[in-house]
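Visitor: I am new to this structure. Please take one part of it and go through that part closely.

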Amino acid sequence: MATWSRFEDLPIWQDARVLAKDIYRISSTDQFSKDYRFCGQIRAAIGSVMDNIAEGFERENNKEFIQFLYFAKGSCGEVRSQLHRAKDVEFISDEVYKEYIERAINLNTSIYNFIKYLKNSDVLGMRYL
């Protein structure tokens with residue numbers, strides 16, 4: 001069984017961080033960035049993915065960690081929905097849309113797989129070691 005001592009070591013957090021950086025980049029374009037509310041929404045949603053992974057990890061028990069991973073998974077779905085909207089209003093190209101949707105789906109799948117891993121783990125969390 002793999003163990004991590006910091007949330008920054010988790011591959012799902014690292015992937016969420018890279019996606020967040022890239023979401024900030026694409027939402028900084030003229031047209032996108034001028035829609036302040038929408039720009040803020042997609043940035044908050046992707047930030048929530050990272051933050052919920054971190055917060056759940058810091059709870060130091062798997063039951064709460066899993067709960068926060070479900071929050072992160074939900075926020076990742078919110079990002080996907082917003083990517084659809086960004087494409088529909090032509091804030092992003094078809095190519096960017098396809099790439100980012102795929103990345104968000106892959107991240108969501110990774111989060112879910114990690115949830116399954118934790119549910120099947122014998123370790124209850126860091127505070128129980």
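Guide: What follows looks at the helices and then at the cysteines. This is a predicted model, in which local features need pLDDT of at least 70, side-chain atom pairs count only at pLDDT 80 or more, and totals for chains, interfaces and linings use all residues. Residues are numbered from 1 along each chain as its sequence is written, and side-chain values use heavy atoms, with hydrogens and water left out.

Helices here are DSSP runs of H or I with at least four residues, numbered from the N terminus. Helix α4 covers residues 62–88 and helix α5 residues 94–119; their axes lie 9 Å apart and meet at an angle of about 165°. Axes are lines fitted to C-alpha atoms over the stretch in contact, and angles run from 0 to 180 degrees between N-to-C directions. The angle makes α4 roughly antiparallel to α5, a term for angles over 145 degrees. Their contact has 18 nonpolar residues, 4 polar and 5 charged. Nonpolar covers Ala, Val, Leu, Ile, Met, Phe, Trp, Tyr, Cys and Pro; charged covers Asp, Glu, Lys and Arg; the others, Gly among them, are polar.

After helix α3 comes Glu 60, with a positive phi near 65°.

As for the cysteines, the structure holds 0 disulfides, a disulfide being a pair of cysteine sulfur atoms within 2.5 Å. The sulfur of Cys 39 has its closest cysteine sulfur in Cys 76, 18 Å away, so it is too far for a bond. Cys 39 is buried at 6% relative accessibility, and Cys 76 is buried at 0%; buried means under 20% relative accessible area (1.4 Å probe, protein chains only).

Definitions and conventions. Buried < 20%, exposed > 50% of the residue type's maximum accessible area, 1.4 Å probe, protein only. Helix = DSSP H or I, 4+ residues; strand = E, 2+ residues; numbered from the N terminus. Parallel < 35°, antiparallel > 145°, perpendicular 65-115°, else oblique.
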